[in-house]
Amino acid sequence: MTEQQATLADDPLHGSSAVREFLGDTYPRVLAFAELLAEQGPEKGLIGPREPARLWERHILNSAAVMPFLPDGVVADVGSGAGLPGMVLAAMDPSRDYVLIEPMERRVQWLFESSRHCGIDNVRILRGRAEEVAESVEADAITARAVAAVDKLVKWCSPLLSPTGSMVLLKGRSAQDEIDRAKYTLRKHRLVGEVHEAGTIEGVEPTTVVTLTRV
Ligand SMILES: C[S@@+](CC[C@H](N)C(=O)[O-])C[C@H]1O[C@@H](n2cnc3c(N)ncnc32)[C@H](O)[C@@H]1O
């Protein structure tokens, strides 16, 4: 039996004043992206069929929570997939350039289509693995969500980082363990890891964010 497909109308946060206030002027662009992702994401295999019913908390606000941790400058989102967090951040932050890096052709196509459809034009979309694109990216910050453990991400992504750049990773409960397991790699790349709980709106679970900054 196939799972019932939920819609964005099933999400209790959809249209809420708390979400509108949190996103301010950027709400229409983020909303356009959320609507498109809820409509096409399950069919395109970007999110599960039940995800539209919890899209705001679990995906959009979860992505938005990293914004206060970003330093100035260019942000590269590694393994953007559905556009999380990269497309959400770019929609919220139109004066900054974002590079979305994704190896899978179908997902890259989605990133092009959704940026065009939602008028999110401050993104450069690169098809490739993080390890393959160092020649065309120098970022002040790297974001990644659900891509790989800290140790691997540092090995893949440090060639993309500017000398003073930092990494801002969305993680789960294993955040501190991942930092501990990556200690030799972090030391080699002169990075120090810290775990933060990043809130967005009241009643929404905070996002665990790992920052890796240069020493
Ligand atoms: C589980 S998905 C997460 C996608 C998105 N960040 C999200 O949170 O919904 C992992 C993504 O990382 C991409 N990926 C895997 N290895 C990668 C690599 N070495 N460099 C860049 N992206 C990679 C995959 O193609 C996939 O789209």
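1. Ala 34 touches Leu 8, Leu 55, Trp 56 and Ile 60, leaving aside residues up to four places away in sequence; contact here means C-beta atoms, placed from the backbone, within 7 Å. This is a predicted model, in which local features need pLDDT of at least 70, side-chain atom pairs count only at pLDDT 80 or more, and totals for chains, interfaces and linings use all residues. Residues are numbered from 1 along each chain as its sequence is written.

2. Ala 34 is also among the residues with the most contacts inside the largest nonpolar core, together with Val 88, Ile 142 and Cys 157. That core has 66 residues. It is a set of buried Ala, Val, Leu, Ile, Met, Phe, Trp, Tyr and Cys residues joined through C-beta atoms within 7 Å, where buried means 20 or more other C-beta atoms within 10 Å of the residue's own.

3. An open sheet of seven strands runs in the order 3-2-1-4-5-7-6, with mixed pairing. Strands are DSSP runs of E, at least two residues, and helices runs of H or I, at least four, numbered from the N terminus; a pair needs at least two DSSP bridges. Strand 3 (123-127) and strand 6 (191-198) are at the edges with a single partner strand each, so one side of each lacks a neighbour in the sheet.

4. Strand 5 (residues 161-171) pairs with strand 7 (residues 207-214) in the antiparallel sense over five bridges. Met 167 has Leu 212 in strand 7 as its bridge partner.

5. Helix 5 (residues 105-118) packs on the sheet, where it touches strand 2 (98-102) and strand 3.

Technical notes
A residue is buried if 20 or more other C-beta atoms lie within 10 Å of its own, exposed if 12 or fewer, and partly exposed in between; C-beta atoms are placed from the backbone. Two residues are in contact if their C-beta atoms, placed from the backbone, lie within 7 Å. Axes are lines fitted to C-alpha atoms, for helices over the stretch in contact, and angles run from 0 to 180 degrees between N-to-C directions.
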